[in-house]
Amino acid sequence: MSNLIKPDISVNIGRLKLKNPILTASGTFGYADEYDDFMNVSNIGAIVTKGITLNPKTGNPQPRIKEVKNGLINSIGLENVGIQDFIDKKLPVLKENNIDFILNIAGASIEEYIEIAKICQSNNIETVELNLSCPNVKSGCLEFGKDEKTLYKLVSEVRKNFDNTLIVKLSSNVSFPEKMAKTAEKGGADAISAINTVKAMNIDINKNLKGFKSIKGGLSGSCIKPLALNFIYEIRQHIAIPIIGMGGISCFQDMLEFFAVGADAVQIGTANFTHPDLSDTLVIELNNFMKQQNYGSLAELVRDLRYEY
Ligand SMILES: Cc1cc2nc3c(=O)[nH]c(=O)nc-3n(C[C@H](O)[C@H](O)[C@H](O)COP(=O)(O)O)c2cc1C
């Protein structure tokens with residue numbers, strides 16, 4: 001292939017056609033406007049919004065973020081503007097700026113997920129990511145992603161009320177990832193995204209050795225990358241739908257590793273906090289790499305990366 005021809009790095013996730021496979025992960029990129037100063041957000045495949053609930057949420061009390069070795073523990077507790085405010089105030093800005101997005105949604109009950117799905121349907125939201133894996137809220141989310149029966153019920157009920165692209169975000173806090181992935185596919189998911197944060201705890205022992213301060217929450221960043229790679233590798237062989245991989249991606253090499261184990265697209269999360277323009281840089285690096293290596297399409301590159309699969 002001539003170096004002058006732009007490689008095709010587009011990818012289809014259900015009915016969603018992404019111009020490239022690089023997305024930003026929910027909760028680490030706000031509603032996109034926060035990142036305007038660092039890059040042209042419309043260059044990336046899509047942003048995934050902060051998790052949205054039926055009503056606004058203030059989240060958990062402080063402290064709710066703690067940096068740990070090669071990672072971060074957060075216990076934000078789904079602070080968000082609520083679906084109506086998103087539609088009234090955030091959606092017009094995304095549209096105006098031509099930013100492709102996926103709406104991440106969360107609920108405290110199956111009925112709440114259905115209610116939000118109906119609102120998304122009637123407002124022509126093209127893609128929804130169901131967060132069934134947040135470890136930081138007292139009810140909902142992770143509880144629905146932990147057993148097959150509940151997962152099936154939730155996904156299939158949402159499916160009945162939402163015609164567009166439905167992505168199910170799975171938890172890594174389960175014993176049999178492949179069973180959960182298969183269940184989500186059976187329930188009607190168009191794609192799986194994984195992994196969410198991993199249940200974790202940090203301890204700071206007091207200087208006088210009397211007791212300690214602690215934070216419990218979800219661990220993210222480089223330290224969870226091996227878990228995420230293994231999770232995706234394990235589910236890839238059991239489902240036919242696309243996988244969006246995430247967990248600790250912080251450079252080009254990391255991204256290739258996710259494609260190699262079975263991801264069709266990737267999300268950049270915690271790394272946005274230290275390198276806010278990383279996703280944009282990865283798009284440029286992917287294009288350059290493909291040209292240098294004479295790849296015409298992302299599919300060809302992915303096929304080579306999975307050669308020994
Ligand atoms: C501060 C913070 C907030 C998050 N909020 C959400 C959320 O609202 N919904 C969700 O599905 N995932 C949320 N996540 C999880 C990320 O989207 C991602 O799945 C996880 O952090 C692993 O990727 P990473 O290691 O690249 O950050 C959050 C993560 C962080 C660090």
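Helices (H or I, at least four residues) and strands (E, at least two) are DSSP runs, numbered from the N terminus. The views below show a predicted model, where local features need pLDDT of at least 70 and side-chain atom pairs count only at pLDDT 80 or more, while totals for chains, interfaces and linings use all residues. Residues are numbered from 1 along each chain as its sequence is written, and side-chain values use heavy atoms, with hydrogens and water left out.

**View 1. T49 sits in the loop between β4 (46-48) and β5.**
Is T49 buried or exposed? T49 is buried, because its relative accessible area is 0% (buried means under 20% relative accessible area, exposed over 50%, and partly exposed in between, with a 1.4 Å probe and protein chains only). And what does T49 touch, once its neighbours within four places in sequence are left aside? Its contacts (heavy atoms within 4.5 Å) are S26, G27, G30, Y31, F86, F101, I102, L103 and N104.

**View 2. Four strands line up as an open sheet in the order β5-β6-β12-β11.**
The pairing here is antiparallel (two strands pair if DSSP finds at least two bridges between them). In general, strands of a sheet pair through backbone hydrogen bonds, either parallel or antiparallel. At the edges of this open sheet of 4 strands are β5 (65-68) and β11 (198-205), each pairing on one side only. On average, neighbouring strands of this sheet are turned by 40 degrees against each other, direction ignored (axes are lines fitted to C-alpha atoms, for helices over the stretch in contact, and angles run from 0 to 180 degrees between N-to-C directions). Now look at β6 (residues 71-74) and β12 (residues 212-220): they pair in the antiparallel sense over 3 bridges.

**View 3. M201, I203, I205, L209 and F212 make a nonpolar surface patch of about 550 Å².**
Patches are made of residues with over 30% relative accessible area and no salt bridge; like charges are joined within 9 Å, and nonpolar side chains (Val, Leu, Ile, Met, Phe, Trp, Tyr) within 5 Å. Accessible areas come from the Shrake-Rupley method with a 1.4 Å probe, and for residues only the protein chains shown count as cover. Which strand gives the most to the nonpolar patch? That's β11, with 3 residues. I203 lies in β11 and counts as partly exposed, at 38% relative accessibility.

**View 4. The side chains of E79 and R64 meet in a salt bridge, 2.3 Å from N to O.**
A salt bridge is a side-chain nitrogen of Lys or Arg within 4 Å of a carboxyl oxygen of Asp or Glu, and by this rule the count comes to 9. E79 is in the loop between β6 and α1 (83-96) and R64 in the loop between β4 and β5, so this pair ties together parts that are 15 residues apart in sequence. E79 is partly exposed at 35%, whereas R64 is buried at 10%.

**View 5. E157 and K160 form a salt bridge at 2.9 Å, N to O.**
Both sit in helix α4 (residues 148-161), and because they are 3 residues apart, about one helical turn separates them. K160 is exposed, with a relative accessible area of 61%.

**View 6. E257 and K225 meet in a salt bridge at 2.7 Å, N to O.**
This pair links distant parts of the chain, 32 residues apart: E257 is in helix α7 (residues 252-261) and K225 in helix α6 (residues 225-236). Salt bridges that share partners join K225, D254 and E257 into one network. E257 counts as partly exposed at 23%, while K225 counts as buried at 16%.
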